[in-house]
Amino acid sequence: MLQSQLPNFIRKESPRDEEAVSARLLIRGGFVDKLASGVYTYLPLGIRVLKNIESIVRKEMDALGAHELLMPVMHPKENWEKTGRWKTLDVLFKIAGRDKKEYALGPTHEEVISPLAQKAIFSYKDLPLGLYQIQTKFRDEPRAKSGLLRGREFLMKDLYSFHASTKDLDAYYEQAIKAYKKVFKKLGVDTVLVEASGGTFSKFSHEFQVFLESGEDQIVYCKKCGLAQNREINDTREGGPCPVCGAIVSIRQGAEVGNIFRLGTKYSEPFSLTYKDAKGNTHPVIMGCYGMGISRLMGTIVEALHDDRGIVWPAEVAPFDAHLIELPGTNGKAKKLYKELIEAGIDVLYDERSVSAGEKFAESDLIGIPVRLVVSSKTGKKIEFKKRNEETTKLVDETFIRKYFKK
Ligand code: ATP
Ligand code: MG
């Protein structure tokens, strides 16, 4: 893409009303724009990153054998009254329609998927079943001041699984953990699997936490035996003994990017979601649910991967593969290179604008595309190649660039 064609949402100044470094960088870099507290627009650069994250997640959910669907945002009040959560879920956004009928704006979808699943589940032969969506969720969060890390409107992947036995749920749960680990590895984020409250069927739910100074959660972590527990369920102190092995534990800040639960029959019972076994006897379906914060991941990646000049995107989620910067006096060489790289299937942002070299370099560092290519009067027949996460530059030819991206 020609940079002159890209609407320029890059800002010179850091926003003053954002506390999280990820929010400041994403706004300055023209990835997102804040409409209200916890409510953001994904701008042309930002949507590219979000779509890349989504497609990595989608691929692993499909590999797990789950089927994608898209459920409504508006949920009739009755569904939420059936589970009692109309009254108990404090973050539930409620709206009234013209007919005075009330609705919830979906913060999660157990109240929709459970009655829905009954339309496809009749016997044990229909199980197991995995259904997922990537969708905008709404939560009236009291502390929505960390950019994409805590939105009131945010993007989540939520998968629900349906089983005839707890044994089958357990096996699926393990597979889901593996799929999550693959996603995070591809995204370039290091996660730790943490035991947390919220297990309705089992003692714990499991969270995927990224250790970050700016994370909102506190994790009790034992290097020796690997114990990792959310502090909300645990009164262990920093430097205190590990409740499992007795070694000294540390308390680390974490950002929760995923949370998986064995739900058991908590939602199938109120909605009479049942199946018939081989003898024709009826049983409640056993469920699991698996959430992942797609937009929170975008913010978390930036929290983890940035320097004082800007964002350092991992290649898999970056908005472009390479940033080609043209400086004056190159006689059409940059334009020719751009065309050839595009033809080779490399996604290039080509800065052909008449702005100063300093401005081009500063913006390039800010938006954080993994590879920078510079063509100037000084580079002769060669091209200056630099990775965003390294300081060294080298002069290369076009063959090198093609080979680099083939990997
Ligand atoms: P938290 O404890 O951070 O409030 P939660 O435990 O309420 O999150 P879940 O219901 O487990 O969240 O949702 C699944 C995933 O969705 C979370 O692991 C997180 O990554 C993401 N998520 C939850 N709330 C938000 C939010 N307000 N903004 C962005 N992402 C969120
Ligand atoms: Mg959670």
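A: A residue is counted as near a molecule if one of its heavy atoms lies within 4 Å of it. The structure considered here is a predicted model.

Around ligand 1 there are 14 residues, and those that come nearest are Glu141, Arg150, Gly151, Glu256 and Arg296. By class, the shell around ligand 1 is made up of five nonpolar, four polar and five charged residues.

In the side chain of Glu256, an N or O atom is 2.6 Å from an oxygen atom of ligand 1. For Arg150, an N or O atom of the side chain is 2.8 Å from an oxygen atom of the ligand. The side chain of Arg139 likewise has an N or O atom that is 2.9 Å from an oxygen atom of ligand 1. On its own, ligand 1 has 580 Å² of accessible area, and the protein covers 84% of this area.

Which pocket does the space taken by ligand 1 form? That space is the largest pocket. Two elements give two or more residues to the shell around ligand 1, namely β8 (153–163) and β13 (250–264). Of the elements, β13 gives the most to this shell, with four residues.

The largest pocket has a volume of about 1400 Å³. Its lining consists of 50 residues, and the closest to the centre of the pocket are Arg139, Glu141, Arg150, Glu256 and Asn259. The elements that supply two or more residues to the lining of the largest pocket are β8, β13 and β16 (286–293). Here too β13 gives the most, with eight residues in the lining of the largest pocket. Sorted by class, the lining of the largest pocket contains 19 nonpolar, 14 polar and 17 charged residues.

The helices α2 (44–63) and α10 (398–406) each supply at least two residues of the lining of the second largest pocket. That lining divides into eight nonpolar, one polar and five charged residues.

Cavities are a separate matter. How many cavities of 30 Å³ or more does a search of the whole structure find? The search finds two cavities of 30 Å³ or more. In the largest cavity lies about 100 Å³ of space. The lining of the largest cavity comprises 14 residues, among which Leu6, Pro7, Asn8, Ile10 and Leu45 lie nearest the centre of the cavity. By class, the lining of the largest cavity has nine nonpolar, four polar and one charged residues.

The peptide bond that runs from Leu127 to Pro128 is cis, and its omega is near -5°. Pro128 belongs to the loop between α5 (110–117) and β7 (129–138). Ser272, although not a glycine, has a positive phi of about 50°. Ser272 is placed in the loop between β13 and β14 (274–276). The strand β13 named there is the element that gives the most to the shell around ligand 1.

Conventions
Residues numbered from 1 in each chain as written. Chains lettered and ligands numbered in written order. Predicted model: local features only at pLDDT ≥ 70, side-chain atom pairs only at ≥ 80, totals over all residues. Heavy atoms only, no water. Polar contact = N/O pair within 3.5 Å; in protein donor to acceptor, adjacent residues only side chain to side chain. Areas by Shrake-Rupley, 256 points an atom, 1.4 Å probe, with all protein chains shown as cover. 1 Å grid on protein atoms, 1.4 Å probe; cavity = no way out; pocket = protein on both sides within 12 Å on 5 of 7 lines; lining within 4 Å. Sits in = over half its atoms within 2 Å of the grid points. Nonpolar A, V, L, I, M, F, W, Y, C, P; charged D, E, K, R; others polar. Points joined across faces, edges and corners; volume = space filled by probe spheres on them.
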